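Subject: Structure handover

Hello,

Here is the structure you will be working with. Please open it beside this email and follow along.

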Amino acid sequence: VTFKKKPEEGRMKGIAFAYDPDGYWVEILKRAETNKIPNYFNFSQTMLRIKDPSKTIPFYEAFGMTVVRQKDYGDFSNYFLASSSNVDTTVDYSSLSDIEAKAKMSMMFGPILELTHNHGTEKEEDFKHNNGNEEGKQGFGHIGFIVDDVYEACDSIRELGYGFRKEPDGGGMKGLAFAYDPDGYSIEIIKRGGIEFGDKKVDES
């Protein structure tokens, strides 16, 4: 294994980035407490670069996510969002110090969505991040959310105004969808328990 960054390198000490076989970066972080999570490794987070947090954060909050930590590094900011299974509803995450928020987040077993905003991109009208699905630039594919009813979920998502790569009844795989987020990343919407390939919404008339 080779590394993009070793723990002792750079301005952010104690974290590392290893390369996987496809050249993707894999971040390695230390937990706040040892021996509380039995897994030696647990999948912790996925990072997306975003243009404008004032659009992207409300989008993911509409998916039931909560900002559990945010940090301004001067020229960029990170926002960390968790789904309800990770969130302690008795905690006001916005009132925590960064040390407290970081410690709580590091002990969450479920994955976190990390959004990275390079300051100033929101002011550039033509600025756009590669979303991983452009012709000739394929790499990153999508993130996904599980729901009880794909069609009902998509009705709500449609109101957010960013459109769909695939509607639930589009294409050959019925009953799942791919929505776009504000940066054009694909968000898979799939039925809890797994797709049923016979699923198809039929309008009675």
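**A hairpin to start with**

A18 has V26 in strand 3 as its bridge partner. Helices and strands here are DSSP runs, counted from the N terminus; a helix (H or I) needs at least four residues and a strand (E) at least two. Two strands pair if DSSP finds at least two bridges between them. Strand 2 (residues 16-19) and strand 3 (residues 25-28) are joined by four bridges and run antiparallel. They form a hairpin, with five residues between the two strands. G23 sits in that turn and has a positive phi of about 85°.

Some ground rules. This is a predicted model, in which local features need pLDDT of at least 70 and side-chain atom pairs count only at pLDDT 80 or more, while totals for chains, interfaces and linings use all residues. Residues are numbered from 1 along each chain as its sequence is written, and side-chain values use heavy atoms, without hydrogens and water.

Strand 8 and strand 11 (residues 186-191) run parallel, joined by six bridges. I146 has I190 in strand 11 as its bridge partner. G144 stands opposite E188 in strand 11.

Strand 10 and strand 11 run antiparallel, with four bridges. Here Y180 is partnered by S186 in strand 11. These two strands also form a hairpin with five residues between them. In the turn, G184 has a positive phi of about 85°.

Contact means heavy atoms within 4.5 Å.

**Aromatic rings**

How many aromatic pairs does a search of the whole structure find? It finds ten. Rings of Phe, Tyr and Trp (its six-membered ring) pair if their centres lie within 6.5 Å; planes under 30 degrees apart are stacked, over 60 edge-to-face, and the rest tilted.

Take F17 and W25. Their ring centres are 5.8 Å apart and their planes are at 65°, so the pair is edge-to-face. F17 is buried, with a relative accessible area of 19%. W25 is partly exposed, at 44%. Buried means under 20% relative accessible area, exposed over 50%, and partly exposed in between (1.4 Å probe, protein chains only).

Y73 and F76 form a stacked pair, 4.8 Å centre to centre with 15° between the planes. Y73 is partly exposed at 22% relative accessibility, and F76 is buried at 15%. The charged end of K71 also sits over the ring of Y73, 5.5 Å from its centre. A charge sits over a ring if NZ of Lys or CZ of Arg is within 6 Å of the ring centre and within 35 degrees of the ring normal. R165 has its charged end over the ring of F178, 5.9 Å from the centre.

Ring pairs also link F59, Y60, F63, F145 and Y162 into a cluster.

**The cores**

A nonpolar core is a set of buried Ala, Val, Leu, Ile, Met, Phe, Trp, Tyr and Cys residues joined through side-chain atoms within 4.5 Å. The largest has 25 residues. Y60, L115, F145, I187 and I189 have the most contacts inside it. Elements giving two or more residues to this core include strand 4 (45-50), helix 1 (53-61) and strand 7 (112-118). Helix 3 gives the most, with four residues.

Leaving aside neighbours within four places in sequence, L115 is in contact with several residues, including L48, Y60 and Y79. Apart from this core lies another, of nine residues, among them A82, V87, V91 and I112.

V91 lies in the loop between strand 6 (76-82) and helix 2 (98-106). Is V91 buried or exposed? V91 counts as buried, at 18% relative accessibility. Beyond its neighbours within four places in sequence, V91 is in contact with L96 and K104.

Best wishes
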